[in-house]
Amino acid sequence: MTLESVIDSMTVDELNHVADQLSGIMAEMRQFTSTTIGSVTGGPFRNTFFPWPFEPESSWSSAEEFISYYRDLLSEFCAPDYVEELLECLPRDASIHLVHSDLYPRNILVNGSTITSIIDWEYAGFYPDFWEYACMQYDGYRGCSTPGWDHVLARVFPGPYREKEVATVAKIISLLKVNMHIL
């Protein structure tokens, strides 16, 4: 069954077990790195957050290029100063590694508190290291923040909450969705 269907009925120990497994899975994924940001095939990335006409034509060679792409897009319908202020918190020197890019409780299958599978890999690719974290915190289609998921994320990503990065990715997604018709 999906983690989504049981997460908020799990005990703290069960949630910790899920979080520890997820941390291990993500650590394994981070071992796969790339010199380009894009799909696992080396081409441009696909992501439901950035549908046509916002899909890039090629991959990027750095987090700076990735961020610049969105700077250019957002500048089509937002003031340049606003765009700069919005993007300033995203790290330009972020490492690039494999991410699922749609890693929400609905895509994690469990038996009890044991992760048995992660499904829906169609948007996997190589992204800046902040990408998976920000996307896991924000689900643009359905809010996935629940007490259980928040507990899991706090254990998977200990330390200071990177609220600015999450808010920036969420705002970019929102601006692109609202303004798709302009470009």
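Student: Let's start with Trp131: is it buried or exposed?

Tutor: Quick note: this is a predicted model, where local features need pLDDT of at least 70, side-chain atom pairs count only at pLDDT 80 or more, and totals for chains, interfaces and linings use all residues. Residues are numbered from 1 along each chain as its sequence is written, and side-chain values use heavy atoms, leaving out hydrogens and water. Buried means under 20% relative accessible area and exposed over 50%, with partly exposed in between (1.4 Å probe, protein chains only). Trp131 has a relative accessible area of 2%, so it's buried.

Student: How many aromatic pairs are there?

Tutor: Rings of Phe, Tyr and Trp (its six-membered ring) pair if their centres lie within 6.5 Å. By this rule, the count is 8.

Student: What kind of pair do Trp60 and Tyr70 make?

Tutor: Planes under 30 degrees apart count as stacked, over 60 as edge-to-face and the rest as tilted. The centres of Trp60 and Tyr70 are 6.4 Å apart and their planes sit at 55 degrees, so this pair is tilted.

Student: And which kind do Phe66 and Trp131 make?

Tutor: Phe66 lies in helix H2 and Trp131 in helix H4 (residues 130–137), so their pair ties together parts 65 residues apart in sequence. Helices here are DSSP runs (H or I, at least four residues), numbered from the N terminus. With ring centres 5.4 Å apart and planes at 90 degrees, the pair is edge-to-face.

Methods: Helices (H or I, at least four residues) and strands (E, at least two) are DSSP runs, numbered from the N terminus.
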